[in-house]
Amino acid sequence: MRVLVRTFSELCITIGALIVLFVVHLLFWTGIEADRATAGEIGSLRADWAAKAPEPGSAPAPGPTTAAYEPGEPFAVMHIPRFGKDWDRPVLQGTEPGVLRRGLGHYASTGRLGATGNFAVAGHRRTHGDPFKDFPELRPGDEVVLTDGTTWFTYRIANRPHRTVPGDIGVIEPVPRPLRREVAPFDEPGRYLTLTTCEPEWGSSHRLVVWAHLDATHPVTDGKPPALRS
Amino acid sequence: MYGWIWRHLPGNAWVRAALSLVLVLAVVYVLFQYVFPWAEPLLPFGDVTVDGEGAAR
């Protein structure tokens, strides 16, 4: 009898410790790992771009690159001034859990950065560095700035964050067609951007979505775009 | 269970305490490195996509 009670108590303590450890892992450790991973991805991207940069005075860089995005590899850096002046995250190809641990994920089936179509990106709202923690703060007119090493793309947000259900695939179509048609931001094809994250903050019952259209492009040789100055 | 482990560790009390600490750290390492990353997608915090690709199934 005593052995039974003791074993049961030890089991309860073990399970309790496991749960506490898991919460620590989720709240704390994934953040540390994500910070390290995003810094690493951005660092390797910038080093890559610096190596490829044309010599000053040589022929101007060719147009936007058309090389296919490598699954799981970073290809752009996103800045959202609304989330803070220093907020920058790498954008990687794909939206698998392993990719989203290291940065924002580009839906592989959607358009290319800056091209006609819909460049759709997903990010964690909580855990893994909380990249999209302030997602509900986004407002129409906010800038989302991306660079692929040769060009700065400044997108301008069109709507307040729209709450929808997880299966609303229409929001990442080339011309976004959400289930609630009346919130559709655009009528005709264009150069669009979609950001998605989870809603509520710690849950998964819904998704938050914002759309943006390409407002301006600047070659990186001209320095930072207006949205990132100040 | 813990008593059984303690009894089967070699050495005096200090050595056993040190070995226990190493064991605990090893367990935490395995949990953080392998078990939790595996378990986490099974929970709902990571579902951020609309097409279900990144969602837990």
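**Exercise 1. In which order do the elements of chain A run from the N terminus on?**

Solution. A word on the ground rules comes before the steps. This is a predicted model, in which local features need pLDDT of at least 70, side-chain atom pairs count only at pLDDT 80 or more, and totals for chains, interfaces and linings use all residues. Residues are numbered from 1 along each chain as its sequence is written, chains are lettered from A and ligands numbered from 1 in the order in which they are written, and side-chain values use heavy atoms, with hydrogens and water left out.

Step 1: take helices (H or I, at least four residues) and strands (E, at least two) as DSSP runs, numbered from the N terminus. Step 2: chain A then has two helices and nine strands. Step 3: read from the N terminus on, the order is α-β-β-α-β-β-β-β-β-β-β. Step 4: for the dimensions, the C-alpha atoms of chain A fill a box of roughly 85 × 45 × 35 Å along the principal axes.

**Exercise 2. Describe how chain A meets chain B.**

Solution. Step 1: count contacts, meaning heavy atoms within 4.5 Å; 34 residues of chain A touch 22 residues of chain B. Step 2: turn to buried area, which is the accessible area (1.4 Å probe) that two parts lose on being put together, summed over both. The two chains bury about 2600 Å² between them, 62% of it on carbon and sulfur atoms. Step 3: find the contributors on chain A. Helix H1 (2-52), helix H2 (97-100) and strand E8 (191-199) of chain A each give two or more residues to the side that touches chain B, and the largest share, nine residues, comes from H1(A). Step 4: sort that side by class, with Ala, Val, Leu, Ile, Met, Phe, Trp, Tyr, Cys and Pro as nonpolar, Asp, Glu, Lys and Arg as charged, and the others, Gly among them, as polar. The side of chain A that touches chain B has 16 nonpolar, 12 polar and six charged residues.

**Exercise 3. How many salt bridges are there over all chains, and how many between chain A and chain B?**

Solution. Step 1: apply the criterion, a side-chain nitrogen of Lys or Arg within 4 Å of a carboxyl oxygen of Asp or Glu. Step 2: the whole structure holds 13 salt bridges over all chains, while the count between chain A and chain B is zero. Step 3: look at one pair, A:Glu41 and A:Arg102, whose side chains meet in a salt bridge (2.9 Å, N to O). The pair links distant parts of the chain, 61 residues apart: A:Glu41 is in helix H1 of chain A, and A:Arg102 is in the loop between H2 and strand E3 (104-106) of chain A.

**Exercise 4. Which residues line the second largest cavity?**

Solution. Step 1: on a 1 Å grid over the protein atoms alone, a cavity is a set of points where a 1.4 Å probe fits but cannot get out, and lining residues have an atom within 4 Å of a point. Step 3: its lining consists of A:Ala34, A:Thr38, A:Arg89, A:Leu100, A:Arg101, A:Arg102, A:Gly103, A:His128 and A:Pro131. By class, these are three nonpolar, three polar and three charged residues.

**Exercise 5. Locate two backbone features of chain A.**

Solution. Step 1: recall that most residues other than glycine have a negative phi, and most peptide bonds are trans. Step 2: A:His128 has a positive phi of about 55 degrees although it is not a glycine; A:His128 sits in the loop between strand E4 (117-122) and strand E5 (143-147) of chain A. Step 3: A:Glu199 and A:Pro200 are joined by a cis peptide bond, with omega about -5 degrees. A:Pro200 lies in the loop between E8 and strand E9 (206-219) of chain A.

Technical notes:
On a 1 Å grid over the protein atoms alone, a cavity is a set of points where a 1.4 Å probe fits but cannot get out, and a pocket is an open set with protein on both sides within 12 Å along at least five of seven lines; lining residues have an atom within 4 Å of a point.
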